[in-house]
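Visitor: Walk me through some local features of this model. Give me the general idea each time, then the case.

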Amino acid sequence: MMPFHINNWNEVSRHYTGALLLGNGASRAVDDRFDYGSLVQHAFDHGLLAGDVQNLFRFFQTEDFELVLRLVWQASNVNKSLNIPDNQTHNAYVRVRDTLIQAVRDVHPEYQDVSVKIPIIYEFVKRFDTVISLNYDLILYWAVMYGLDIQDRCSLKDCFVQGVFDEDWRRLRQPINGNNSVTLAFYPHGSLVLARNLVESEFKLTGNGIGLLEAILQGWETEQYVPLFVSEGTAQQKIKSIHGSSYLSTIYREVLTSTQSLKYIG
């Protein structure tokens, strides 16, 4: 067998400035609580899924919380708009929603639990032209917000302007205010900070690190919007969910096809 040498990252980092792909391992390196099989499996293991909720996952043949939540939410709103009495559908939506909220509370750390690592993450990811996170947690978003907090001339941006994704995202690569480099961040599987409203418009929730997770979960309880993230499911189910989102499909159609020199962590 030929001998081989494993390089230290500092020895080869100058060769990687293109795109960075973050998988679950990147989040697990931040906090052990991200070391879980799936949100649905966590809910099953901890007895969070009521019988009718389990039936919904089986009927739609998916493990994607976001998909089931959105379908039942839409059905409940259709019945409400047509004045069709149907407490059962709305009650099922509430149980799916509450189960999702409890599962996220169980597995996602609060900002103060990981805040010491956010500056380090920020300094690392800003070396790349593009950062693509397959995780729907808040780690990358908190890194983006950290850059804004320290007024680092918008060197790390997620292409949302006033809460709405800028379809002309390429223009955001242009440096401003004398900044020499720009890193664009994308969430091709969605994120906890992304949501859909009653008319299927997609937007980003904003807020400071401390209390943001709880504010997001409380926002889900208002029934004015549902989260936008692909949590689980087969590859085919993920693709179907992605095609059902303007933001996610744009990333796959435009961003990923234009990305070169990809470095994977996770």
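Guide: Helices (H or I, at least four residues) and strands (E, at least two) are DSSP runs, numbered from the N terminus. By that reading, Asn 87 belongs to helix H6 (residues 87-107). Two notes on the source. This is a predicted model, where local features need pLDDT of at least 70, side-chain atom pairs count only at pLDDT 80 or more, and totals for chains, interfaces and linings use all residues. Residues are numbered from 1 along each chain as its sequence is written, and side-chain values use heavy atoms, with hydrogens and water left out.

Visitor: Is Asn 87 buried or exposed?

Guide: Buried means under 20% relative accessible area, exposed over 50%, and partly exposed in between (1.4 Å probe, protein chains only). Asn 87 counts as exposed because its relative accessibility is 63%. Its C-alpha atom is 8.5 Å from that of Ser 76, eleven residues apart along the chain.

Visitor: Which residues make the nonpolar surface patch?

Guide: Nonpolar side chains (Val, Leu, Ile, Met, Phe, Trp, Tyr) are joined within 5 Å, like charges within 9 Å. Areas come from the Shrake-Rupley method with a 1.4 Å probe; for residues, only the protein chains shown count as cover. Here Val 78, Leu 82 and Ile 84 form a patch of about 270 Å². Val 78 sits in helix H5 (residues 65-81). Val 78 is partly exposed, at 45% relative accessible area.

Visitor: How should I read a positive phi?

Guide: Most residues other than glycine have a negative phi. Gln 61 has a positive phi of about 50° and is not a glycine. Gln 61 lies in the loop between helix H4 (51-59) and H5, and is exposed at 62% relative accessibility. Glu 223 also has a positive phi, near 70°. Glu 223 is in the loop between helix H10 (212-220) and strand S9 (225-229). Glu 223 counts as buried because its relative accessibility is 18%.

Visitor: What surrounds Lys 157?

Guide: Contact means heavy atoms within 4.5 Å. Leaving aside residues up to four places away in sequence, Lys 157 touches Leu 172, Gln 174, Val 182, Thr 183, Leu 184 and Ala 185. Lys 157 lies in strand S3 (residues 156-157).

How values were computed. Patch = residues over 30% accessible without salt bridge, like charges linked within 9 Å, V, L, I, M, F, W, Y side chains within 5 Å. Salt bridge = Lys/Arg side-chain N within 4 Å of Asp/Glu carboxyl O.
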